[in-house]
Amino acid sequence: MFRSNHTLRRPGIWLVPALVVIPNLLCAQRVSFGVVGGTNITRDFPISRTVFQDPASPAGLSTFDLFSDTHSFIAGFSAEIEIHSGLSLEVDALHRNLNLERRFLLPNGSVLQNGNSTVTTWEYPILLKYRLPVVWAVHPFVESGLSFRTRHNPAPTEPSQFGGTLGAGMEFRVGRVRISPAIRYTRWQYDGDYPRIASKRDQFEFVTGVSYATHVESWKLGSRRLRFGLIGGTPLTGGITAVRQFDRIDESQGYIGGLVLELAAYKRLSIEVNGLYRPFRADQVSLGGLVGQPLKESRSEFTIITWEFPVLAKYNFKQRAKISPFVEAGPSFRLSGNLNGSNPSTSGITAGAGVQIMRGPTRISPVFRYTRWADDNKRNLQAFKTRPSQVEFLVSFTF
């Protein structure tokens, strides 16, 4: 089991409102799936300026700037569920980098660039969208809701993980295709004080969604019923351990989120495929200090990113019941990035057991899963490895 001294660091908490709200809404018949792309309009970080006397430049004062001038590309996926005429719920998963640049302004007027840092973030807006009456074949809309954010390797920053979002835009329709450019404003919680560098709390973004609207009953592959939906949850065991000797590794509470596809195969048997995003986040904790002085604790945060793809045969014990227990098993495959001295294995075996609950056209399936991964691929200078045995609790919503 993993250990963490940071009880408030819960990046998976963005799943909670989704798991509470979505089951009551997925009974809607019209849903849309698509992609979202765009860019930030405002700076990622405010300008922070420090003026000092540099002994190497005695002719005057030097200036050190922390700033952000670049625009990041925003890209991700969206799902929208119709609640009532004109009202819908949209959930996005958006990848965005925050860029922090450093420079020195010398007394002689020259500029010395001092490098930059990139903080990888994922934003998860959960928005109520209301479409106004049609104007010249265009559907204006307004939207409002909560935004959640996860970050990876944020030092020297620590972007906050919660905010509120407002937006407005226009929707153009071409058959079942929806094109929706919009301007969004998000007010993030304050990041924290020194030594962390705070990001800009007020963020404006321009995004455009391209989605496809469909009805649940039409989803079939040949004559077989095809279900599609969302899945999320949390690991119940730790994911990584140190190879080399460190003072301590504190792993943060994790989260898992992604998409699920299920195809009816034969009577009570179906095939389920998931695409699960699971980062491993931890602090490398070291103790050190001067001889004769009390030891001081220093932390270095790092993230290992993985994508898991279980392919499972699923057996329901009661074919048409509203509540039915099930078991599942099959191979799992894994991709990884942002390795930070690790080299996760790429395959494993997964088994699980859960309960399937039918609510109208919606199927809600809480499940406990166990995965036994192959040993990690060893390499020189490997600092961390993934634990071979992992247990997860997941809830999927398919329709």
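1. A pocket here is an open set of points on a 1 Å grid over the protein atoms alone, where a 1.4 Å probe fits, with protein on both sides within 12 Å along at least five of seven lines, and lining residues have an atom within 4 Å of a point. A volume is the space filled by probe spheres set on the points. This is a predicted model, in which local features need pLDDT of at least 70 and side-chain atom pairs count only at pLDDT 80 or more, while totals for linings use all residues. Residues are numbered from 1 along each chain, and side-chain values use heavy atoms, without hydrogens or water.

2. The second largest pocket has a volume of about 490 Å³. It is lined by 19 residues, and A264, K267, Q319, R320 and R363 are the closest to its centre. Strand β15 gives the largest share of this lining, five residues.

3. The pLDDT, the predictor's confidence in each residue from 0 to 100, averages 84 over the chain, and 87% of the residues score at least 70. Confidence is lowest in helix α1 (residues 15–25), with a mean of 48, and highest in strand β9 (residues 177–188), at 96. Where pLDDT is low, the predicted coordinates should not be read in detail.

4. D191 lies in the loop between β9 and β10 (202–215). Because its relative accessibility is 14%, D191 counts as buried, a term that means under 20% relative accessible area. The side chain of D191 reaches the backbone nitrogen of S160 at 3.0 Å.

Technical notes: Helices (H or I, at least four residues) and strands (E, at least two) are DSSP runs, numbered from the N terminus. Buried means under 20% relative accessible area, exposed over 50%, partly exposed in between (1.4 Å probe, protein chains only). A polar contact is a pair of N or O atoms within 3.5 Å; within protein, one must be able to donate a hydrogen and the other to accept it, and residues adjacent in sequence count only if both atoms are side-chain atoms.
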